[in-house]
Amino acid sequence: MKPLPAEDLRRAFNQAADAVRLLAVVSPTCPLCLAGYAALRGLLDRFPAEPLQAFVVWIPMLPEDDAEAAAQAAVPEDPRRLLQGWDAGRRIGNLFEQSLALTRTAWDVYLVYAPGVVWENDQPPPPSFWMHQLDLDSGAAPALWLDPAALAREVGRLLRPAG
């Protein structure tokens, strides 16, 4: 698994500004994270012809997590629609901790960005919508617990805005 510096993620995120973007920060050995990753991949399958771009940041949150575990967990996808990388120092997770007002490193989070949202400085922009699978003491609202159907509805709404 190749390293994914925050600046590279920001550049790719902004290059896809015309698309709906999904961004996940996950551990490669956490069962809940892997289920969330599968839900994200399912959205790419569900909306194959839509302007949808996904970014997956694999970070070390559990003792078994390393770049090799991330490479094994990652499913090869069309690189035009999915960018994946390893964040050994948790820098990206820490940036999203601030953006999401969490009490610790953001991980097991699934963020959705509407077209037109840009990442202008070091701090990532707040997501248009997000869900998570975090403990209560993380600062994340329990009402935002990952529901793949709700995540799919929100992605679909952003892909096909009411006219």
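Is Arg-90 buried, partly exposed or exposed, and what is its relative accessibility? With a relative accessibility of 29%, Arg-90 counts as partly exposed; buried means under 20% relative accessible area, exposed over 50%, and partly exposed in between (1.4 Å probe, protein chains only). The structure is a predicted model, in which local features need pLDDT of at least 70 and side-chain atom pairs count only at pLDDT 80 or more, while totals for chains, interfaces and linings use all residues. Residues are numbered from 1 along each chain as its sequence is written, and side-chain values use heavy atoms, with hydrogens and water left out.

**Aromatic pairs**

- Rings of Phe, Tyr and Trp (its six-membered ring) pair if their centres lie within 6.5 Å; planes under 30 degrees apart count as stacked, over 60 as edge-to-face and the rest as tilted.
- By this rule there are 5 aromatic pairs.
- One of them joins Phe-13 and Phe-55 in a tilted arrangement, with 6.2 Å from centre to centre and 45 degrees between the planes.
- Phe-13 belongs to helix H1 (residues 6–15) and Phe-55 to strand E2 (residues 52–58), so this pair ties together parts that are 42 residues apart in sequence. Helices (H or I, at least four residues) and strands (E, at least two) are DSSP runs, numbered from the N terminus.
- Phe-13 and Phe-55 are both buried.
- The ring centres of Phe-96 and Trp-119 are 5.8 Å apart and their planes are at 75 degrees, so the pair is edge-to-face.
- This pair links distant parts of the chain, 23 residues apart: Phe-96 is in helix H4 (residues 91–99), and Trp-119 is in the loop between strand E4 (109–113) and strand E5 (129–132).
- Phe-96 and Trp-119 are both buried.
- Phe-13, Phe-55, Phe-96, Tyr-113 and Trp-119 are linked by ring pairs into a cluster.

**Surroundings of Phe-13**

- Phe-13 is buried, with a relative accessible area of 1%.
- Arg-21 lies over the face of the Phe-13 ring, at 4.2 Å from its centre. A charge sits over a ring if NZ of Lys or CZ of Arg is within 6 Å of the ring centre and within 35 degrees of the ring normal.
- Leaving aside neighbours within four places in sequence, the contacts of Phe-13 include Arg-21, Leu-23, Val-117 and Pro-125; contact means heavy atoms within 4.5 Å.
- Phe-13 and Glu-120 are 107 residues apart in sequence and 10 Å apart in space, C-alpha to C-alpha.

- In H1, the buried residues are Ala-6, Leu-9, Ala-12 and Phe-13.
- Seen down the axis of H1, these residues fall within an arc of 130 degrees, so they line one face of the helix. The arc is that of the directions from the helix axis to the C-beta atoms.
- The cover over the buried residues of H1 includes E1, E2, strand E3 (82–86), H4 and E4.
- In H4, the buried residues are Ile-92, Gly-93, Leu-95, Phe-96, Glu-97 and Ser-99.
- H1, strand E1 (20–26), E2 and E4 are among the elements that cover the buried residues of H4.

**Nonpolar core**

- In soluble globular proteins, nonpolar side chains tend to be buried together.
- The largest nonpolar core has 57 residues, and those with the most contacts inside it are Leu-23, Trp-58 and Phe-96. A nonpolar core is a set of buried Ala, Val, Leu, Ile, Met, Phe, Trp, Tyr and Cys residues joined through side-chain atoms within 4.5 Å.
- Not counting residues up to four places away in sequence, Leu-23 touches residues including Leu-9, Phe-55, Phe-96 and Tyr-110.
- Trp-58 is located in strand E2 and is buried, with a relative accessible area of 0%.
- Trp-58 and Leu-4 are 54 residues apart in sequence and 8.9 Å apart in space, C-alpha to C-alpha.

**Cysteines**

- A disulfide is a covalent bond between the sulfur atoms of two cysteines.
- A disulfide is counted here as a pair of cysteine sulfur atoms within 2.5 Å, and the count is 0 disulfides.
- The sulfur of Cys-30 is 3.2 Å from the closest cysteine sulfur, that of Cys-33, which is too far for a bond.
- Cys-30 is buried, with a relative accessible area of 8%, and Cys-33 is buried at 0%.

**Positive phi angles**

- Arg-90, in the loop between E3 and H4, has a positive phi of about 60 degrees although it is not a glycine.
- Just after H4, Ala-101 takes a positive phi of about 55 degrees.
- Asp-108, in the loop between H4 and E4, has a positive phi near 60 degrees, and at 2% relative accessibility Asp-108 counts as buried.
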